[in-house]
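The following note collects comments on charged and aromatic side-chain contacts. Please read the points alongside the sequence and the coordinates.

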Amino acid sequence: MVKENKVSLWLGNYENAEDFKKYIKVSYDKDGNYIPSNFQKSYAIKKYDLDAIESDWISNRYSDVESLLAGFSGDYEIIPQFQKMLKHKNIQNYNSIVLLYNFEYTGIDYVDGKLEYIGCADVTL
């Protein structure tokens, strides 16, 4: 749900950037009606600010959260919080990142085989 000063994180593993971008891409029909992304459909996300999403597919594998999330908005605030959430996970398994800012995901812990919800952190931007 839309909530200021929150950021929700999903991490995944995609073979290439094209497949990842296709999964998270929103589109519009010929009449200009919004068509949600497959990502939104999978996680039952009805609404979020389209200007408040950051995502990336990386070809390198990182073994630490700092390297994985460096450069994203509020990274100095969110990295320590997500480090705690990811301390028992193998970061090298992830190469795809989705961050929804001003959004607190409260839905199901759905894992679609490619993208996994990690958690929500506090952030002030």
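1. A residue is termed buried when its relative accessible area is under 20%, and exposed when that area is over 50%, with partly exposed in between. Lysine 6, with a relative accessible area of 18%, is therefore buried. The model under discussion is a predicted one.

2. The search of the whole structure returns 3 salt bridges. In one of them, aspartate 122 and lysine 6 meet through their side chains at 2.6 Å, N to O. This pair links distant parts of the chain, since aspartate 122 belongs to strand β6 and lysine 6 to strand β1, 116 residues apart. In contrast to the buried lysine 6, aspartate 122 is partly exposed at a relative accessible area of 41%.

3. A salt bridge also joins the side chains of lysine 3 and glutamate 104, at 3.3 Å from N to O. Lysine 3 is part of strand β1 (residues 2–12), whereas glutamate 104 is in the loop between β5 (96–103) and β6 (115–122), so the contact ties together parts 101 residues apart in sequence. Here lysine 3 is partly exposed, at 38% relative accessibility, while glutamate 104 counts as buried at 19%.

4. Glutamate 116 and lysine 89 form a salt bridge in which the closest N and O atoms are 2.5 Å apart. The relative accessible area of lysine 89 is 36%, and the residue is partly exposed.

5. Turning to the rings, the structure contains 11 aromatic pairs. Tryptophan 10 and tyrosine 43 have ring centres 5.7 Å apart and planes at 65°, so this pair is edge-to-face. Tryptophan 10 is in strand β1 and tyrosine 43 in the loop between α2 (38–42) and β4 (53–57), so parts 33 residues apart in sequence are tied together. Both residues are buried: tryptophan 10 has a relative accessible area of 0% and tyrosine 43 has 1% relative accessibility.

6. Tryptophan 10 also pairs with tyrosine 117; the centres are 5.1 Å apart and the planes meet at 55°, so the pair is tilted. Tyrosine 117 is in strand β6, so its pairing with tryptophan 10 of strand β1 bridges 107 residues of sequence. Tyrosine 117 is buried at 16%.

7. One aromatic cluster includes Trp10, Tyr14, Tyr43 and Tyr117 among its members. Over the ring of tyrosine 14 sits the charged end of lysine 114, 5.5 Å from the ring centre.

Note on methods. Residues numbered from 1 in each chain as written. Predicted model: local features only at pLDDT ≥ 70, side-chain atom pairs only at ≥ 80, totals over all residues. Heavy atoms only, no water. Salt bridge = Lys/Arg side-chain N within 4 Å of Asp/Glu carboxyl O. Helix = DSSP H or I, 4+ residues; strand = E, 2+ residues; numbered from the N terminus. Buried < 20%, exposed > 50% of the residue type's maximum accessible area, 1.4 Å probe, protein only. Phe/Tyr/Trp six-rings, centres within 6.5 Å; stacked < 30°, edge-to-face > 60°. Lys NZ or Arg CZ within 6 Å of the ring centre and 35° of its normal.
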